[in-house]
Amino acid sequence: MGQEAVSLLRMDSVTGKRALVLGGGGVTGIAWETGILHGLAEAGVDLTDADLFVGTSAGSVVATQLAGGVPLADLYAGQLLPPDGEIPARLTTWMLVRYALSYVMPGSPARKRARLGRAAVKARTPSEESRLEVFKHRLSIQDWPDRPLKVTAVDTADGRFVAFDRDSGVPLVKAVASSCAVPLVWPPVTIDGHRYMDGGMRSAANVDLAAGCSRVVVVAPLTRAASRAATPGAQAARLGVPSVVVSPDRAALAAIGPNLLDPARRRPAAEAGRKQAASIAEAVREVWA
């Protein structure tokens with residue numbers, strides 16, 4: 001989050017497909033991303049006409065609904081509703097220490113993720129069934145959209161990274177729930193005998209899944225990573241095409257607050273994103289147009 005709010009890679013114009021990549025960041029991340037996208041649309045930069053949507057964790061919720069044609073105005077209005085009946089969660093200090101220990105120990109990236117995956121399977125969390133019910137209600141669509149969509153997750157057993165799509169044979173609700181299964185907080189999701197956790201454990205946005213597109217816009221509530229090479233900005237730069245990475249500015253960070261999983265911060269986060277959009281609209285337009 002310490003990076004600049006917008007990092008831009010300018011290159012000669014290239015024709016072809018455009019990708020919208022949406023990263024993880026909890027319930028406040030969903031809200032802020034929705035606010036950014038709604039504000040950009042109001043400024044004349046409509047990213048909902050992307051040729052490819054890539055969603056990680058919170059971003060998988062937003063990407064799924066946009067790919068399914070849910071109007072941005074409706075999504076934004078939903079973020080302003082009071083969080084009646086929603087129970088906040090929190091990443092405790094112990095959980096953050098457990099994350100850090102998994103990644104500082106020796107081994108390949110997949111092996112490190114598998115260590116955390118084993119802890120996620122053993123953790124005491126709400127039931128998997130109750131979380132699936134949450135996503136059935138959270139998503140406005142229940143079936144894979146026709147437009148290209150990739151939803152990321154990580155296999156808890158071996159740390160393998162996966163990107164589900166409509167050809168994967170995985171129910172959409174399960175794909176999104178697995179992408180949002182924050183280790184130690186929410187239960188991993190069972191798919192074909194495997195248990196999957198948050199796709200953000202591999203990268204905050206997994207921008208490299210946009211390879212092959214000629215223009216890429218990344219909206220990332222979180223920009224830190226276990227290594228510099230895994231940050232959204234570094235991944236976008238390696239694509240070698242015009243790209244822009246948008247992350248929360250100071251006002252948005254203050255609105256989001258310290259707990260990304262607190263639904264009470266959803267409305268302020270959405271409003272901050274909408275307001276921030278005006279300051280980054282031209283940078284995004286330069287890449288998208």
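Predicted model: local features only at pLDDT ≥ 70, side-chain atom pairs only at ≥ 80, totals over all residues.
Colleague: What is the mean pLDDT of the protein chain?

Modeller: The mean is 93, and 95% of the residues reach 70 or more.

Colleague: Why is Ser57 called buried?

Modeller: Buried means under 20% relative accessible area, exposed over 50%, and partly exposed in between, with a 1.4 Å probe and protein chains only. Ser57 has 7%, so Ser57 is buried. Its phi is near 55°, a positive value in a residue other than glycine. Ser57 is in the loop between strand 3 (52–55) and helix 2 (58–67); helices (H or I, at least four residues) and strands (E, at least two) are DSSP runs, numbered from the N terminus.

Colleague: Why does Asp192 count as exposed?

Modeller: Asp192 has 69% relative accessibility, so Asp192 counts as exposed. Asp192 has a positive phi too, about 50°, and is found in the loop between strand 6 (189–191) and strand 7 (194–198). Most residues other than glycine have a negative phi.

Colleague: How do you know that helix 1 is close to its expected span?

Modeller: The expected span is 1.5 Å times one less than the number of residues. Helix 1 (residues 26–42) has 17 residues and reaches 24 Å from first C-alpha to last, close to the 24 Å expected. Helix 1 is mostly covered, with 15 of its 17 residues buried. Gly44, with a positive phi near 90°, follows helix 1.

Colleague: What makes up the lining of the largest pocket by class?

Modeller: The lining has 20 nonpolar, eleven polar and eight charged residues. Ala, Val, Leu, Ile, Met, Phe, Trp, Tyr, Cys and Pro count as nonpolar, Asp, Glu, Lys and Arg as charged, and the others, Gly among them, as polar. Helix 4 gives the most to this lining, with four residues.

Colleague: Which helix gives the most to the lining of the second largest pocket?

Modeller: Helix 6 does, with six residues. That lining divides into 19 nonpolar, ten polar and five charged residues.

Technical notes:
Residues numbered from 1 in each chain as written. Heavy atoms only, no water. pLDDT = per-residue confidence, 0-100.
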